[in-house]
Amino acid sequence: MTSLDRTSAPTKKRRSRSKGDSLQQLSMLLPGAVLVLTFMVAPFVYSIWLSMTNERLIPRPVPSKFIGFDNYTRLAADPVFWQALGNLFRFTVLVLPLQCGFALLVAIALNQKLPFRGLFRSVFFLPSITSMVVVCIIWSTIFQFPTGPLNSLVNALSFGLAGPVDWLGDRNVAMFSIVLLSAWASFGFQMIIYLAGLQNISAELYDAARMDGAGPLSRFWNVTMPGLRETHVFVLIVTTIQAFKLFTQVELLTGGGPGGSTETLVRYMVTAGFTQQRVGYGSAVAVVLFLIIMMISMTQRFLTRNKNG
């Protein structure tokens with residue numbers, strides 16, 4: 001055997017092993033890829049097609065036909081759509097700082113060496129794994145008008161000067177009530193993400209900051225916040241997507257009222273597609289909602305990107 005043959009033999013083995021590893025990786029990815037294509041990509045592509053037809057939920061004697069962008073034109077002219085979209089933006093602007101801010105504060109507190117901190121983490125995370133239907137039932141009792149627990153608290157704190165508030169029946173406060181419920185019910189997920197981010201920040205950075213005379217507030221702004229940069233990006237994007245999927249709380253507690261003040265795009269889509277049986281129109285709403293979420297997510301990622309990366 002020549003020296004050339006001895007050199008090429010290990011090379012062939014490495015190539016063969018590399019090819020085998022690639023095939024193994026592809027075979028492991030294949031089931032997940034098939035599921036994503038079957039249950040996510042294909043339905044969305046089909047929704048795009050349906051949005052350009054006058055398809056009904058229950059088939060009619062007259063078959064559905066292709067109508068182009070007529071559904072999108074009617075959507076743009078529908079004031080209920082714009083009201084629902086405005087409500088969603090208002091909900092998102094209110095819930096993002098409240099939910100994420102509270103989650104960050106709780107995560108910082110539970111990242112300290114406290115007794116029973118494992119128990120406290122479980123307790124604070126509990127609302128996130130509780131069914132939203134159960135959460136809505138609990139909060140409907142809290143919001144009860146005029147003698148619910150929240151109104152009793154308001155009455156006690158104001159020494160009887162503030163009258164009972166119709167938390168779900170007053171259009172001026174109904175959305176805030178939904179925001180309060182949603183922030184409480186879902187902040188546990190963001191709390192866990194922030195806890196993971198905090199534990200990835202080196203303790204040496206805090207020690208160095210202390211040696212430089214930095215106080216707690218200075219350490220928070222100069223060590224904790226920069227260390228959580230990527231975590232903030234992830235949390236903001238995920239929370240925004242969750243906010244735009246708002247449906248269960250509104251459907252169970254207000255039904256989109258009062259006066260459409262809590263109507264959302266998802267509820268508007270469900271009403272059009274199932275209650276009114278306009279599947280084509282509902283599909284157009286779904287496509288628009290997807291595009292809005294995608295644009296917002298990309299904008300957030302651009303604005304919060306790491307300029308040094």
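A quick rule for the tour: buried means under 20% relative accessible area, exposed over 50%, and partly exposed in between (1.4 Å probe, protein chains only). You're looking at a predicted model, where local features need pLDDT of at least 70, side-chain atom pairs count only at pLDDT 80 or more, and totals for chains, interfaces and linings use all residues. Residues are numbered from 1 along each chain as its sequence is written, and side-chain values use heavy atoms, with hydrogens and water left out.

Searching the whole structure turns up 13 aromatic pairs. Rings of Phe, Tyr and Trp (its six-membered ring) pair if their centres lie within 6.5 Å; planes under 30 degrees apart count as stacked, over 60 as edge-to-face and the rest as tilted.

Select F81 and Y268 to begin. Their ring centres are 6.3 Å apart and the planes sit at 50°, so this pair is tilted. F81 is in helix α3 (residues 79–110) and Y268 in helix α12 (residues 265–275), 187 residues apart. Helices here are DSSP runs (H or I, at least four residues), numbered from the N terminus. F81 and Y268 are both buried.

Next, pick F89 and F244. With centres 5.4 Å apart and planes at 85°, the pair is edge-to-face. It joins helix α3 to helix α10 (residues 229–244), across 155 residues. Which of the two is buried? F244 is, at 1% relative accessibility, while F89 counts as partly exposed at 38%.

Last stop: show R278, which lies over the face of Y281, 4.2 Å from the ring centre. The cut-off for such a charge is NZ of Lys or CZ of Arg within 6 Å of the ring centre and within 35 degrees of the ring normal.

How values were computed: Helix = DSSP H or I, 4+ residues; strand = E, 2+ residues; numbered from the N terminus.
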